[in-house]
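This report covers salt bridges, a pocket and a surface patch. The sequence and model come first.

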Amino acid sequence: MSVGKFLRHEGCPKCNSSDSLAIYDDGGEHCFSSLCDYHVFGTGEEEMTVQQAKQPINKSIDMGGVVAAIPKRKISKETCVHFGVTVEYTPTGDISKHHYPYYNLETGELTASKVRQVETKNFFATGNFTNTGFFGQNVCRGRGKFLTITEGELDAMSVYEMFGKQFDVVSLKNGASSAEKEIKENLEWLEGYDNIVLCFDNDKAGQAAIDKVKDIFSPNKLKICKLPLKDASDMLMANRVKDFTGAWWDAKVYRPDGIVAGKDTWEALVKKRQVKSTPYPWQGLNELTRGHRPYELVTITSGSGMGKSQFIREIEFDLLQRCQGNIGVLALEEDMARTTLGIMSVAANRPLHLEEDTSIEELRPFWEATLGTDRYYLFDHWGSTSADNLLSRVRFMSKALDCRYVILDHLAIVVSSQEHGDERKAIDEIMTRLRTLVAETGITLFLVSHLKRSQGKAHEDGAQISLGELRGSQAIAQLSDIVIGMERDQQHENEDIRNTTTVRVLKNRYSGETGPACWLQYDKQTGRMTEVANPEIGADF
């Protein structure tokens, strides 16, 4: 080991331990992790060959000292006897070193040790660690109700002390960085216990180690103990034994993400019951769908020129009047000025985008009633319609701007911006991410999607829509909560029929009811869509 002056601890480049590498002022480096032999010789050390430098620094077992209590750590002599830990003293009577024994799993012989230097908190390894298992494994039964695993030897001894020496406890040989490797190597032995309690350090490295090992164990075996302090040793030294045992007994059984015990569902049910449906502007659509709700993805689809954008604007304006949440609009087929005029037109009951001679002063009140309410947020999208960019904007609208309702018009433009040319694959990916985003944020997302080209009668000629005609991928139908189709015969000789859209519910996860919901007639004078009776019933043509 280097004879230079110790400067600091760093991460080891060989074993990836976060703080086991000691740096000295003579250029020397030494990793004190028990299973690592990384060493750089300082200028004051004897020159050695490369081959010699690769050998462990100390091959003989160092288990000097005596078995005694460790008062500063509140570890009793009985606990040290149980684990076989010895200590050495300075001439003034202070403990200078701890020796932690490791035993060969096959022969039961003492073959290695870790030595902790109290003043510097450095470790060095002695002996041969091959087939030695965990610290403390030699005094465990190998079966029983509970086994606790900690990161370090002092933590294991502290847990044993706080539980009155009644439960088996072991620690990792090489800290959090070795957790996955050590647990896999000893998994058969670990599975002999009914419950494995992980009591790793409450820091970034400890939590990362838990993430790596939590799916290794058999179902319902693993429990994760979360401590208010960094580790078990800190809990004992702070006299928080009751807090520790409480946290240990409260450790939850680990289940993979998405698996929830039935007894833990009450709060989710109560929260869900507090969510109320919001009506659409049209009675017939409400009778089938019961309105729309947070956490829903509503897809609106039709052939070209059926009035999807106007349908969306009617919903937006109704939400503005009826609800409190803000509204986010990503209208990818038009610029912000056209989107603004379209929304204002609904409030004005006039197609303002067609009134080129209307003065700015006359437009102002309609702007103040809609965009000027500070409840609308639009996306200025030109040149930036990639999926990543759009999804990040939707998340920002929801979380930063409190938009509870978001309109994305339309999906095809997002798909066309993707780098790969497989449209089906692109739609699958985007729909999955949108579905996840809706679940994450709790928004109601209104998504406009196009249809495939009809093989028979064109949709623009009034052909009935089916879910199978959604463009590109079945993911749209599968991941949407509600799918609404719009049908209209644009070339019909009867003007009423030509200007009336059939609104058809193609999918309805909430109530299961589908079919024709209502008929909306477009008024050229007002630019509005008004619910009417089915114009084909009793029509003379």
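Is Lys 230 buried, partly exposed or exposed? Lys 230 is partly exposed, at 38% relative accessible area. (Buried means under 20% relative accessible area, exposed over 50%, partly exposed in between, with a 1.4 Å probe and protein chains only.)

## Basis

This is a predicted model: local features need pLDDT of at least 70, side-chain atom pairs count only at pLDDT 80 or more, and totals for chains, interfaces and linings use all residues. Residues are numbered from 1 along each chain as its sequence is written, and side-chain values use heavy atoms, with hydrogens and water left out.

## Salt bridges

The structure holds 26 salt bridges. (A salt bridge is a side-chain nitrogen of Lys or Arg within 4 Å of a carboxyl oxygen of Asp or Glu.) Lys 230 pairs with Asp 231, their closest N and O atoms being 3.5 Å apart. Asp 231 is buried, at 9%. Asp 201 joins Lys 230 and Asp 231 in a network of salt bridges.

Asp 318 and Arg 322 meet at 3.0 Å, N to O. They sit 4 residues apart in helix α11, so about one helical turn separates them. (Helices are DSSP runs of H or I, at least four residues; strands are runs of E, at least two; both are numbered from the N terminus.) Asp 318 is buried at 16%, whereas Arg 322 is partly exposed at 42%.

The side chains of Lys 524 and Glu 495 form a salt bridge at 3.4 Å, N to O. Lys 524 lies in the loop between β21 (515-522) and β22 (529-532) and Glu 495 in helix α18 (residues 495-498), so the pair ties together parts 29 residues apart in sequence. Lys 524 is exposed at 54%. Glu 495 is partly exposed at 41%.

## Second largest pocket

The second largest pocket holds about 430 Å³ of space. Of its 24 lining residues, Gly 305, Met 306, Gly 307, Lys 308 and Gln 310 are the closest to its centre. (On a 1 Å grid over the protein atoms alone, a pocket is an open set of points where a 1.4 Å probe fits, with protein on both sides within 12 Å along at least five of seven lines; lining residues have an atom within 4 Å of a point.)

Helices α11 (308-322) and α12 (336-348) each supply at least two lining residues. α11 gives the most, with 4 residues.

## Nonpolar patch

Trp 266, Leu 269 and Val 270 make a nonpolar surface patch of about 310 Å². (Patch residues have over 30% relative accessible area and no salt bridge; nonpolar side chains are joined within 5 Å, like charges within 9 Å.) Val 270 lies in helix α9 (residues 266-273) and is partly exposed at 32%.

Definitions and conventions: Areas by Shrake-Rupley, 256 points an atom, 1.4 Å probe, with all protein chains shown as cover. Points joined across faces, edges and corners; volume = space filled by probe spheres on them.
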